[in-house]
Amino acid sequence: MHHGKRVRPIGPFRFHVPFDQGALSTGSAASVLLIRPERGFDPGPLAPLTLCHRTDDVRVASALTAAGIGPAQPGAVSDMAIVWTDRHRDVARADVAAAFESVRPGGTVILDGAKAHGIDSLIKRLKPLVAPDGIAAKSHGKVAWFSRPTRLASTFSDWTATVAPRRNADGFLTQSGLFSPDRIDPGTRLLAEAIAGPLTGRIADLGAGWGGLSALLLARGATPERLDLLETDARALALARRNIDHPAAAFHWADATQPKTKEIYDLVVANPPFHESRSANPTLGRAFIAAAAAILRPKGVFWMVANRHLAYEAAMTEHFRHWDEHPGSPQFKIFRAERPGSRRRR
Ligand SMILES: C[S@@+](CC[C@H](N)C(=O)[O-])C[C@H]1O[C@@H](n2cnc3c(N)ncnc32)[C@H](O)[C@@H]1O
């Protein structure tokens with residue numbers, strides 16, 4: 001019988017290559033800073049060292065902290081830094097700058113990135129600033145390693161500046177790498193205008209981003225008793241705090257698909273994430289629908305916007321006893337769902 005090749009999750013292990021090849025050794029290094037590590041991080045050759053992390057993703061942060069790898073102290077200097085390069089160019093560059101700035105002169109900086117996320121052009125752009133000690137290709141990506149020079153190119157501070165918060169066309173603070181940084185997303189605007197019924201009681205905004213949807217609801221005159229914004233990305237949440245000035249607003253660095261409370265909201269709203277990496281993926285949105293049903297009071301209502309080509313209808317039927325579609329646009333559909341609970345269970 002033919003057995004398919006066992007596929008091992010390889011992304012997080014790319015940085016093992018220079019150690020496995022003997023090109024790098026942990027040597028006298030004691031401390032390692034992990035910048036934006038991927039989920040499923042495996043320390044491999046770094047296991048004996050003291051590791052700390054810097055990430056915006058609450059799921060990664062909690063998994064690492066539970067594994068004894070705590071958040072980096074601001075300003076701490078380490079012997080080694082590893083950057084998992086973000087798919088947003090500006091974010092990847094700012095992370096590279098942060099890595100060089102946080103490593104002691106002579107220390108090691110390692111970049112681990114997928115081709116699809118632009119690792120090749122990042123390495124090319126870095127070469128005139130600091131020559132790599134080595135580059136290896138692995139699993140549709142590259143790992144490159146560098147010794148930290150004593151003096152850093154001024155380009156690094158430009159890279160840091162590129163991701164600084166700025167005010168967008170709609171007057172909100174946003175930054176590169178977040179969802180719809182330049183203006184309120186048209187789907188978000190459509191949803192905020194479509195929501196009918198009272199904007200009162202306890203309201204939850206799942207995947208709140210930098211706060212665009214909640215801000216529009218407040219601008220429409222919402223008077224929540226409580227407005228909970230849930231967001232996995234710390235950068236977005238920090239900006240939401242600054243964009244939303246309302247005494248009932250509370251900001252949660254949390255995974256909306258793992259609700260900690262049940263049946264407490266009167267209104268749940270979401271423009272759910274529809275991309276995992278580069279490709280459209282409705283799985284996350286479906287998890288948002290399940291979560292909305294779990295946290296709504298029996299008489300609560302859920303409103304959601306989605307790209308028209310993504311299928312959420314079966315998930316709506318699975319988690320709500322009544323839902324319908326409201327007029328949207330050629331690109332977006334609007335769902336209103338009520339009576340949370342599975343039909344099959346009743
Ligand atoms: C399509 S954006 C919408 C942002 C904002 N609500 C708006 O309308 O502009 C989806 C947001 O969900 C966040 N997100 C992704 N997965 C999440 C999860 N499991 N829990 C909470 N937020 C999540 C993303 O970081 C992103 O900010």
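Visitor: What average pLDDT does the chain have?
Guide: This is a predicted model, and 94% of the residues score at least 70. The average pLDDT of the chain is 93.

Visitor: What is the strand order of the open sheet of 7 strands?
Guide: The pairing in this sheet is mixed. Its edge strands, each pairing on one side only, are strand 3 (70–71) and strand 6 (134–138). The order is 3-2-1-4-5-7-6.

Visitor: Which residue stands opposite Ile35 in strand 2?
Guide: Strand 1 and strand 2 (residues 50–54) pair in the parallel sense, over 5 bridges. Strand 2 also runs parallel to strand 3, to which 2 bridges join it, and there His53 stands opposite Pro71. In strand 2, the residue opposite Ile35 is Arg54.

Visitor: Do strand 6 and strand 7 pair in the parallel or the antiparallel sense?
Guide: Strands of a sheet pair through backbone hydrogen bonds, in one of two senses. Strand 6 and strand 7 (residues 141–147) are joined over 5 bridges, and Ala137 stands opposite Lys142 in strand 7. The sense of their pairing is antiparallel.

Visitor: Is Ser139 buried, partly exposed or exposed?
Guide: Ser139 is found in the loop between strand 6 and strand 7. Its phi is near 35°, a positive value in a residue other than glycine. A residue needs 20 or more other C-beta atoms within 10 Å to be buried and 12 or fewer to be exposed. Because Ser139 has 15 C-beta neighbours inside 10 Å, it counts as partly exposed.

Visitor: What is the phi of Ser180?
Guide: Ser180 has its place in the loop between strand 9 (173–174) and helix 6 (186–194). With 17 C-beta neighbours inside 10 Å, Ser180 counts as partly exposed. Ser180 is a residue other than glycine with a positive phi, near 40°.

Visitor: How many residues apart in sequence are Ser154 and Leu129?
Guide: Ser154 lies in the loop between strand 7 and helix 5. Ser154 is exposed, because 9 other C-beta atoms lie within 10 Å. From C-alpha to C-alpha, Ser154 and Leu129 are 9.1 Å apart in space. In sequence, their separation is 25 residues.

Visitor: Why does the span of helix 3 agree with what its 14 residues should give?
Guide: Helix 3 covers residues 89–102, and at 1.5 Å a residue it should span 20 Å. The span agrees because the end C-alpha atoms of helix 3 are 20 Å apart.

Visitor: Which elements do the buried residues of helix 3 pack against?
Guide: Helix 3 is mostly covered, with 11 of its 14 residues buried. Among them are Val91, Arg93, Asp95 and Phe100. The elements they pack against are strand 1 (31–35), strand 4 (78–84), strand 5 (103–114), helix 4 (119–126) and helix 5 (155–162).

Visitor: Which residues come nearest to the ligand?
Guide: There are 20 residues around the ligand. Helix 7 (212–219) and strand 11 (223–231) are the elements that give two or more residues to this shell. By class, the shell has 8 nonpolar, 8 polar and 4 charged residues. Those that come nearest are Thr188, Gly207, Gly209, Gly212 and Ala256.

Visitor: Which residue with a positive phi follows helix 7?
Guide: Helix 7 is mostly covered, since 6 of its 8 residues are buried, including Gly212, Leu213 and Leu217. The buried residues of helix 7 pack against helix 6, strand 10, strand 11, helix 8 (234–243) and strand 13. The residue that follows helix 7 has a phi near 100° and is Gly221.

Visitor: How many of the 6 residues of strand 13 are buried?
Guide: Strand 13 pairs in the parallel sense with strand 10 (residues 200–206) over 4 bridges, where Asp205 stands opposite Val269. Strand 13 also pairs in the parallel sense with strand 16 (residues 296–307) over 5 bridges, where Leu267 stands opposite Val301. Strand 13 (residues 265–270) is largely enclosed by the rest of the structure, because its buried residues number 6 of the 6.

Methods: Residues are numbered from 1 along each chain as its sequence is written. This is a predicted model: local features need pLDDT of at least 70, side-chain atom pairs count only at pLDDT 80 or more; totals for chains, interfaces and linings use all residues. The expected span of a helix is 1.5 Å times one less than its number of residues. Two residues are in contact if their C-beta atoms, placed from the backbone, lie within 7 Å. A residue is near a molecule or strand if its C-beta atom, placed from the backbone, lies within 6 Å of it. Ala, Val, Leu, Ile, Met, Phe, Trp, Tyr, Cys and Pro count as nonpolar, Asp, Glu, Lys and Arg as charged, and the others, Gly among them, as polar. Two strands pair if DSSP finds at least two bridges between them. pLDDT is the predictor's confidence in each residue, from 0 to 100.
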